[in-house]
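Thanks for coming. Please have a look at the sequence and the model before I start.

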Amino acid sequence: MNRTTAKHLIERYFRQLTEGCGNGNCKNQLCASCRDFQPLDKNSAAVRALELCKVKAKLCEPHAHGTESDPQPADLTKEDFSDIHYLTENTVFIILSICEEEGDYSALIRVIGRVFSNAGALIKSFRTDEPNAAEALPRDGDQQESDQTGASFSSADACEVTVDIDSVRRVYDRLQTNEQAESTLVNALLYLTPNVELDLEYLDAYETNPDYLNIFVILMENSNLHSPEYLDLALPQLCKAMSKLPVCALARLSKLWSKYDLPYVRRMMETFQQLITYTVVSQEYNAENLVNDDETVVAACKCLKVVFYASLVGGNVDVEHNEDDDGGEFDSDELSLHELLGEERLYKKGPQVDPLEMELGVRPIDSRKPLIPFEDFVNESLNDVVEMDKDFSFFKVDAETKFSFQTCPFVLNVFTKNQGLYYDNRIRMYSERRLTALYSMVQGQEPNPYLKLKVRRDHIIDDALVRLEMISTENPSDLKKQLFVEFEGEQGVDEGGVSKEFFQLVLEEIFNPDIGMFTHDDDTKVFWFNSSSLENEAQYTLVGIVLGLAIYNNCILDVHFPMVVYRKLMGKTGTYLDLSDSHPVLYQSLRELLDYGGNVQEDMALTFQISHTDLFGSPVLYDLKEEGDHIPVSKDNRHEFVQLYADYILNKSVETQFRAFKKGFLMVTSESPMKYLFRPEEVELLICGSRKLDFQALEKTTDYDGGYSKDSRVIKDFWETIHSFEEEQKKMFLQFTTGTHRAPVGGLGKLKMIIAKNGSDTDRLPTSHTCFNALLLPEYSSKEKLRERLLKAITYAKGFGML
């Protein structure tokens, strides 16, 4: 407990010992309101308060005096305002009417301040069983319009929260036109939130009274929370208090917000985002002062998570259609060397799961279309200051004592998360290297710290398949070592560039239509598993291993799979909606069937038997249901037909091939946090890189060596030449320089290319070191010569050591 928290708690015990809770029937013998309590002087009460704080003794809730005899709103007079200990819409509007008549709002200010600064009073306010204000007071035209557009909630459809949301919104609308009332709300929040935080953290207030959640429901309806008056102190304290709610309470809050209209959900998201951004840009962070230690940013991220899941739950979700988890077959009951060496915390088995995700029963991958786009939850200001090496250690080792932003991956962009994945992969590589050295010492063998592949260029698939199949069978953990590739008969040390070329050649061979492992759609330019392929499962396992190794070794691959492949790798099965990018023609036909307004059975004459062509072009019949050829498709069963058709095309027909493919992928990635951190769209970026090529960004981040600078004549000629290239020529240049024609995660600005001087004017071609993204460029005498030499180099370059 920090000093400020302890101070607030001791003060509350002191007030309880000296003033009591106000309940004449109080049974707490540590409260001055109890009949058996022995009065204490102030010095004795202070000492006793300190003792009670140490043992976390019982604290009474402030009692709303005489709630049963509170005056009815219709009978209120200004003299009665001191007896109001909770609010209803009627009460507020009548007080406002009286104050407006007299031109004096001091009475309203006192009531608002008293109720909004007291947790017990706020819990009792704006209950769903109170009469509607419309019955007591007339409203102006603006207010009537607000009633029609606002969301309506009953206690049943509001996740059993007993707050009249519409009533609260109408009250805020009226109060926010009064500057004095707005100032009072700020001050009341400053007084209320430390006490609420104490109640939740030390007194289990929510477990005792679930209506405690009403406080946050009411406070978050204030549409001015993002204004400067709140940003400095009040909103940070509210976030800290909200972050102390137990997971079950946060889940209730998330479900409630998921039922709100989109503008209300977006306003809350923007409120927390604004607090994060405001705090980050107002502070200076470094290795000693990490943003992870900023309580305001951490609390705001935790609150933003509630809105994030509300956006998921309130959108289009599919919690069904899940693939069986194939990761279990790689587990072992025996103690691993990691565990024997005390590294089990770093190498936890099984995927990491967010507690709020478990409570709600919905995952980001279940979301087809959230209320708010995923991109809107990313905070770029925060991404700029997160130290991912430190954050990674908190995520993997110190999760119980330190906050990691990887527990809120929705707020991080793909590049930042990829840094965390890079650290995880590298540490695992170094660990495997240490274990290999240990094995070698014990067994007296030559250490083999790397995953070495020696392949022939003209037999690359056979060589890679035999070697990887042998490794995956005898010692799958070797796949977690750093990859080193050697082409037989070619000189070169693999510092990354040879691996890139290996991946490229393997993929060119595997996706060759003549082999028949995959089919290619000429319109969408994507590949799909050939259900009639004659290749064995080992070939598909190899493709999965290659994809896993590419992520593990931070290589970009030129693969063209539809998004459903990545969704299936992340644990979902394909559905009708996934056909839109994998089989667009079929998707359009099925959509027309679903939308057809005529007589489906007579006009279309379809049955639950479908046909497709095999590898040799021969028709193959398949019954979607038993005796499907005798079951006509009608208006009543067409949805079932579409679901079964999609399930067959995306799942059942390629089950053998995809299971082998996924098995290979999991051999490399089963222990990775990738599934927890990334969505399917982001996994595609990890594997394939970005298709957007921003050469202006590349120019800004390029470094120069050997005598060149950005102001050198040759460098200016070079960039003018590059910018004048057509799109295909730019891709060829990237392939020549970096080993791939795709941009890395984060775009070309993250590439860090180097251009080095390679002698004076000459007829030699430019050369490159793809391992280091380095271009060796002679100082050509003219721009025309530079363009001619460069185009020849990038057009005919293939193979290691080409000069």
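This is a predicted model: local features need pLDDT of at least 70, side-chain atom pairs count only at pLDDT 80 or more; totals for chains, interfaces and linings use all residues.

Residues are numbered from 1 along each chain as its sequence is written, and side-chain values use heavy atoms, with hydrogens and water left out.

Let me begin with helix H2, residues 42-55. Helices here are DSSP runs of H or I with at least four residues, strands are runs of E with at least two, and both are numbered from the N terminus. The expected span of a helix is 1.5 Å times one less than its number of residues. For the 14 residues of H2 that gives 20 Å, and the end C-alpha atoms are 20 Å apart, so the two agree.

Which residues of H2 are buried? They are Ala45, Ala49, Leu52 and Cys53. These four cover an arc of only 100° around the axis, which puts them on the same side of H2. The arc is taken from the directions from the helix axis to the C-beta atoms. Buried means under 20% relative accessible area, exposed means over 50%, and partly exposed is in between, with a 1.4 Å probe and protein chains only. On the face of H2 turned away from the buried side are the exposed residues Asn43, Lys54 and Val55.

Now the two ends. At the start of H2, a side-chain oxygen of Asp41 comes to within 2.8 Å of the backbone nitrogen of Ser44. Just after H2, Lys56 has a positive phi of about 55°.

Next, the rings. Rings of Phe, Tyr and Trp (its six-membered ring) pair if their centres lie within 6.5 Å; planes under 30 degrees apart are stacked, over 60 edge-to-face, and the rest tilted. By this rule there are 33 aromatic pairs. One of them joins Phe392 and Tyr423, with centres 6.4 Å apart and planes at 40°, so the pair is tilted. Phe392 lies in helix H19 (residues 388-396) and Tyr423 in helix H20 (residues 414-443), so this pair ties together parts that are 31 residues apart in sequence. Phe392 is buried at 5% relative accessible area, whereas Tyr423 is partly exposed at 29%.

Phe518 and Phe561 form a tilted pair, at 5.6 Å centre to centre and 55° between the planes. Phe518 is in strand E5 (residues 518-520) and Phe561 in the loop between helix H23 (537-552) and helix H24 (563-569), 43 residues apart. Phe518 is buried at 5% relative accessibility, and Phe561 is buried at 2%. Both belong to a cluster linked by ring pairs, with Trp528 and Tyr540 among the other members.

What does the charged end of Arg169 sit over? It sits over the ring of Tyr260, 4.7 Å from the centre, and over the ring of Tyr264, 3.5 Å from the centre. The rule is that NZ of Lys or CZ of Arg is within 6 Å of the ring centre and within 35 degrees of the ring normal.

Last, two backbone angles. Phe126, which is not a glycine, has a positive phi of about 55°. Phe126 is in the loop between helix H5 (119-123) and helix H6 (141-149), and is buried at 2% relative accessible area. His321 has a positive phi near 50°. His321 is in the loop between strand E1 (316-317) and helix H16 (337-340), and is partly exposed at 37% relative accessibility.

Definitions and conventions. A polar contact is a pair of N or O atoms within 3.5 Å; within protein, one must be able to donate a hydrogen and the other to accept it, and residues adjacent in sequence count only if both atoms are side-chain atoms.
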